[in-house]
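User: I'd like to learn how to read a protein model residue by residue. Could you walk me through it?

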Amino acid sequence: MENYTVEEYALSSRFKTKRRKKRAVKEDFEKQLIQLRKLEDQLWKKRRDLPLVLLKSPYQKGWQRNFVLRDDIKRSNESSFYQILLEKINTVQYSSEKSFKKKKKRKRKHVYVEKLQTVKEFSESEWRSPKLALTEKEKMHFYKRERWCPNCKRYKIHYVFDEPWRYVFSVRPNMITHTKMVDELLESEIRILDNYIVNQNLRHKINKLVLGKARFSGYYQYENPKEKNPIKNKSLHVLYQQYADENDINHGK
């Protein structure tokens, strides 16, 4: 009978090696983390699906502002067309002040300026999507515009409505008439699960396992065309020659 090492005997038998045991423990732990995430998603979904309950006494919480048709447009023959379009591109803002002004610092002083609000604009992906609710006639009232995005560090294309003057602001009280139903047993289960994940420091491991590394490392730098680097993609020899030429010109003067 030939002599076998412990590792060779373990590979040819039903016994697991230390490496396989360690791997099995790791896979089992990852499966538990995935189950925790699924349970958490189920609890959150149950909370979102809870119905609204009508309040016995509604109350006002600030103000809301949206767009309505201008009076002269309402009396025109195209009022129905622009009203249907408005339902697709209308936006709503909320504020604690009826004036819809916000505090802004200018020249070391705090001043109040009106909040900017426009009708909905469409990104390039939204414009090409088959789910876009605009008709061909409605699309004719939008124009293509490029705008610098400071977050993405590049220009992005938007499709903007070309006749915003047809709509005016309408400000009215923001009345709260319904509230979300609260399930005490469900809230208790969510708190218990969240405390367990936080106390065991499992949140980062779950996100890394479920969402992947690309979720946290997807930051890219784009060059701003307005601020081009004059020495980019130039060799040292070319830069030295430019420096020498400039010195010769200065000495010649």
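Here is a short walk from the whole chain down to two residues.

Analyst: Keep in mind that this model is predicted. Start with the overall inventory: the protein has nine helices and eight strands.

User: What share of the 253 residues counts as buried?

Analyst: Here 21% of the 253 residues are buried. The accessible surface is about 21,000 Å², with carbon and sulfur atoms holding 52% of that area.

User: And how much of the contact count comes from residues 24 or more positions apart?

Analyst: Take the contacts with a separation of 6 or more: residues 24 or more positions apart make up 67% of them.

User: Let's zoom in. Is Q93 buried or exposed?

Analyst: Compare relative accessibility with the cut-off: buried means under 20%. Q93 has 19%, so Q93 counts as buried. Q93 sits in strand β2, which spans residues 93-95.

User: How does K101 count in terms of accessibility?

Analyst: K101 counts as partly exposed because its relative accessibility is 41%, and that category lies between the 20% and 50% cut-offs. Strand β3, residues 101-106, is where you'll find K101. Beyond its neighbours within four places, K101 contacts Y112, V113, E114 and K115.

User: What separates the C-alpha atoms of K101 and V111?

Analyst: That distance is 9.5 Å, for two residues ten apart along the chain.

Technical notes
Residues are numbered from 1 along each chain as its sequence is written. This is a predicted model: local features need pLDDT of at least 70, side-chain atom pairs count only at pLDDT 80 or more; totals for chains, interfaces and linings use all residues. Side-chain values use heavy atoms; hydrogens and water are left out. Helices (H or I, at least four residues) and strands (E, at least two) are DSSP runs, numbered from the N terminus. Buried means under 20% relative accessible area, exposed over 50%, partly exposed in between (1.4 Å probe, protein chains only). Contact means heavy atoms within 4.5 Å. Accessible areas come from the Shrake-Rupley method with a 1.4 Å probe; for residues, only the protein chains shown count as cover.
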